[in-house]
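Visitor: I would like to learn how to read salt bridges, cores and cavities in a model. Where do we start?

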Amino acid sequence: MPRITESWEFKTDILTAYDGTEQRICTRKYPRHFLSYDYDAMNQFHSQMLRAQVRVKQDIPYYIPMWQNVAYITEPLTKLSRQIPIDKDYVYDFRDVEYIELFVGDTVTGSNRNYVRKVKNVIDNTLYLTRGFPKDLDPKNTFILPLRKCSVQPIQGLNYVFSNGSGVTLNFEDIGLTTINKLSQKYYDYDTDIKGWNRYHLPEKFLEKEVFLFAPVWVEDNDMQLTVNKNTNKLDNKSGIFLYDLKNDFSYDIISWTINLMSKKEINRIIKFFKNMRGMQKGFWLPSMVNDIQLPEENLSSNDVIYTSFYGMTEYYLSNGRQKYIVVFYNDYSCSIAKIKSYSSTKINGIDYCTLKLATPLNKRPTKENVHMISYFNYVRFNDDTLQLNYESNIVASVTCTFREIDDKLEEK
């Protein structure tokens, strides 16, 4: 179980028309920020402190260390220095931060020292403070935590560990999201120099909408799930006779992914992406990342026509009014995106195939030898206004995202 979780929460009002199209309005300008930390106290003093903490009034604010946002200084600091250079990958965690806490490990005495300082400004990868430190600091035993102004949320309960220990999960809500320390715009832009990132070189945008470039993990059987929603009403008078009212012919894929975030850049990128989409408000493109279309052993396909061995695809999709897109992932780590114009059945040498005619040709002919997989390229939105990250360390986390296919009108150039 994760010991630290962090949640970002928008609020979206959705009006769905009879034909399935949506109007979505984000009713919360800034997302709410929630944090959950597990604390274990194994002596009397810390146990009493925990029990006192859970009894505080809800209107008393506290400055809470962001334990998942540990940052490191990049060079030694001289005594009384008011400038702290930090690794540029961690600067985004110090947006809207009013105070920091600096921890220094003392290898001589075996005890640690900590200092709280007010942040005057953040310029590039340097924190400017109002006051310096009483000693020289070494990067080898010094690290920094941003402090955020929070209110303590009601707890479910505290566990006693015999008579001297206690254990509790404390939940906090960030109430200081808009302070004067803003970062330069470059730190709010997406990081692209991530190791192993976007291996198949998908575009950052398609038809002027962003593309979700993360990939699911394949660790557990349920790390990726698909449900299909139909826009229908079942009219049932409970007497044995019923009727389905079909509002439209579409089916809506609802896909759930578990994603492992293996660096600080990946963690910050998914937070930035979720904020840019404003929860469920905005739509974006998502490759299904599974083998949706199987090529036959014979290389029959061309740049604008794809043959697939599953000939029943015609029956399933011909009545579906949505003209879906596909993305072809090639073995040379390139890709090609195209729109399916129509489905039909074809018999070649006595074998039935489904034929997918493309509205735009692929940039490379797909064959069994050069194609890794062919996936649907769905236009979706988040199916939840909350993004929850489960931290294993300050640079490793996991998140489960659910996406819903939608019918927004898109302009093709």
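**Reading the model**

Guide: K347 counts as exposed, at 56% relative accessibility (buried is under 20% relative accessible area, exposed over 50%, partly exposed in between, with a 1.4 Å probe and protein chains only). This is a predicted model, in which local features need pLDDT of at least 70 and side-chain atom pairs count only at pLDDT 80 or more, while totals for chains, interfaces and linings use all residues. Residues are numbered from 1 along each chain as its sequence is written, and side-chain values use heavy atoms, with hydrogens and water left out.

Visitor: Which residue forms a salt bridge with K347?

Guide: A salt bridge is a side-chain nitrogen of Lys or Arg within 4 Å of a carboxyl oxygen of Asp or Glu. For K347 the partner is D352, with the closest N and O atoms 2.8 Å apart. D352 is partly exposed, at 34% relative accessibility. The whole structure has 20 salt bridges.

Visitor: Which residues have the most contacts inside the largest nonpolar core?

Guide: A nonpolar core is a set of buried Ala, Val, Leu, Ile, Met, Phe, Trp, Tyr and Cys residues joined through side-chain atoms within 4.5 Å. Here the largest one has 61 residues, and F212 and I270 have the most contacts inside it. Helix α2 supplies the largest share of this core, six residues.

Visitor: How many cavities of 30 Å³ or more are there?

Guide: On a 1 Å grid over the protein atoms alone, a cavity is a set of points where a 1.4 Å probe fits but cannot get out; lining residues have an atom within 4 Å of a point. Grid points are joined across faces, edges and corners, and a volume is the space filled by probe spheres set on the points. The count is two. The largest has a volume of about 60 Å³, and its lining includes E6, W8, D93 and R148. Helix α2 gives the most to that lining, with four residues. The second largest cavity has a volume of about 30 Å³.

Notes:
1 Å grid on protein atoms, 1.4 Å probe; cavity = no way out; pocket = protein on both sides within 12 Å on 5 of 7 lines; lining within 4 Å. Helix = DSSP H or I, 4+ residues; strand = E, 2+ residues; numbered from the N terminus.
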